[in-house]
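Dear colleague,

Please find below the structure that I am passing on to you. My notes on it follow directly after.

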Amino acid sequence: MKYSIALLFAAAVLMADGPGRIVSKHSGHDAELTADPTSPFWRGIHGVWAGNGPTGAATRGHRTEIRSRWTDKYLYVLFTCPYESLYLKPEPTTFEETNKLWEWDVAEVFVGGDFQNPRRYREYQVSPQGEWVDLDIDRDTPLLEGGWLWNSGFTVKAKLDANGKIWYGEMKIPFESINGEGGPVAPRDGLELRINFYRLQGPKPNRAMIAWQPTGANGYHVPEAFGRMVLER
């Protein structure tokens, strides 16, 4: 009986996940972060696009490209983020994480590998100034301080093209920080992760929200709407 319930639950999660799929291409070596889509590490890597808000309405002028690669230790994600105007935190610091960074311009990755507990996942953010924050999310039993005291060990790099009105944000996420079923995920060819990518851009009341997979709500923490990432050699 328990086995049947588990199968039904897994099937329900599968059906609820968003239709989006991104392929993360393997690299035989790790790389220093450059936030440069023309670098040898990123050249020839195709990504996905996010151009709508969380409810599915188009967010003009903010169509964002997301690319990904992986190695035996790290998941790499590169955002290419066009903007109309920047909304940046004064006196930024890149030496320690910035709590509530999401109140400013950011790009975000929400990812988890535990298909039995999809409401547990990890969140990683980078700003145009190279600020960062990471969070351990539990939607059923929220953690102390919203999970931001957790430390993933991930690193970021940002680059700003003011003339072109584009900023680039790159992340290097340790796989050991991504939760799986019974512990951290173990990267391998064909592994699937539940994932979504987001941006927040500009000040209120005209703050732009960009989501790869629409959540159907005026917010991002809807794990049932996550898409899939497939690791591929």
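T64 is buried, with a relative accessible area of 1%; here buried means under 20% relative accessible area, exposed means over 50%, and partly exposed is in between (1.4 Å probe, protein chains only). This residue lies in strand β3, residues 64-70; helices (H or I, at least four residues) and strands (E, at least two) are DSSP runs, numbered from the N terminus. The side chain of T64 reaches the backbone oxygen of H62 at 2.8 Å. A polar contact is a pair of N or O atoms within 3.5 Å; within protein, one must be able to donate a hydrogen and the other to accept it, and residues adjacent in sequence count only if both atoms are side-chain atoms.

Please note that this is a predicted model, in which local features need pLDDT of at least 70 and side-chain atom pairs count only at pLDDT 80 or more, while totals for chains, interfaces and linings use all residues. Residues are numbered from 1 along each chain as its sequence is written, and side-chain values use heavy atoms, with hydrogens and water left out.

Aromatic rings

A pair of aromatic rings is described by the distance of the centres and the angle of the planes. The structure holds 14 aromatic pairs. In F41 and W42, the ring centres are 5.2 Å apart and the planes stand at 90°, so this pair is edge-to-face. Rings of Phe, Tyr and Trp (its six-membered ring) pair if their centres lie within 6.5 Å; planes under 30 degrees apart count as stacked, over 60 as edge-to-face and the rest as tilted. F41 counts as buried because its relative accessibility is 7%, and W42 counts as buried at 0%. Ring pairs also link F110, Y121, Y198, Y220 and F226 into a cluster.

Charged side chains are found over rings as well. The charged end of R69 sits over the ring of F41, 4.8 Å from its centre, and R63 lies over the face of W49, at 4.2 Å from the ring centre. A charge sits over a ring if NZ of Lys or CZ of Arg is within 6 Å of the ring centre and within 35 degrees of the ring normal.

The largest pocket

About 500 Å³ of space lies in the largest pocket. On a 1 Å grid over the protein atoms alone, a pocket is an open set of points where a 1.4 Å probe fits, with protein on both sides within 12 Å along at least five of seven lines; lining residues have an atom within 4 Å of a point. Grid points are joined across faces, edges and corners, and the volume is the space filled by probe spheres set on the points.

The lining of this pocket comprises 25 residues, and W102, E108, L200, Y220 and H221 are those that lie nearest its centre. Strands β5 (106-112), β6 (120-126) and β7 (132-138) each supply at least two residues of the lining, and β7 gives the most, with four. By class, the lining has twelve nonpolar, five polar and eight charged residues. Ala, Val, Leu, Ile, Met, Phe, Trp, Tyr, Cys and Pro count as nonpolar, Asp, Glu, Lys and Arg as charged, and the others, Gly among them, as polar.

Backbone geometry

Most residues other than glycine have a negative phi, and most peptide bonds are trans. A35 has a positive phi of about 55° although it is not a glycine. A35 is found in the loop between β1 (21-26) and β2 (48-50), and is buried at a relative accessible area of 0%. The phi of K165 is likewise positive, near 55°. K165 has its place in the loop between β8 (155-161) and β9 (166-174), where K165 counts as partly exposed at 40% relative accessibility.

The peptide bond from K204 to P205 is cis, with omega near 10°. P205 is found in the loop between β12 (192-201) and β13.

Asparagines and an aspartate

N196 lies in strand β12 and is buried, with a relative accessible area of 0%. The side chain of N196 makes a polar contact with the side chain of Y198, at 2.9 Å. N218 lies in the loop between β13 (208-211) and β14 (227-232) and counts as exposed at 69% relative accessibility. N218 and N196 are 22 residues apart in sequence and 15 Å apart in space, C-alpha to C-alpha.

D105 is found in the loop between β4 (74-82) and β5, and is buried at a relative accessible area of 1%.

With kind regards
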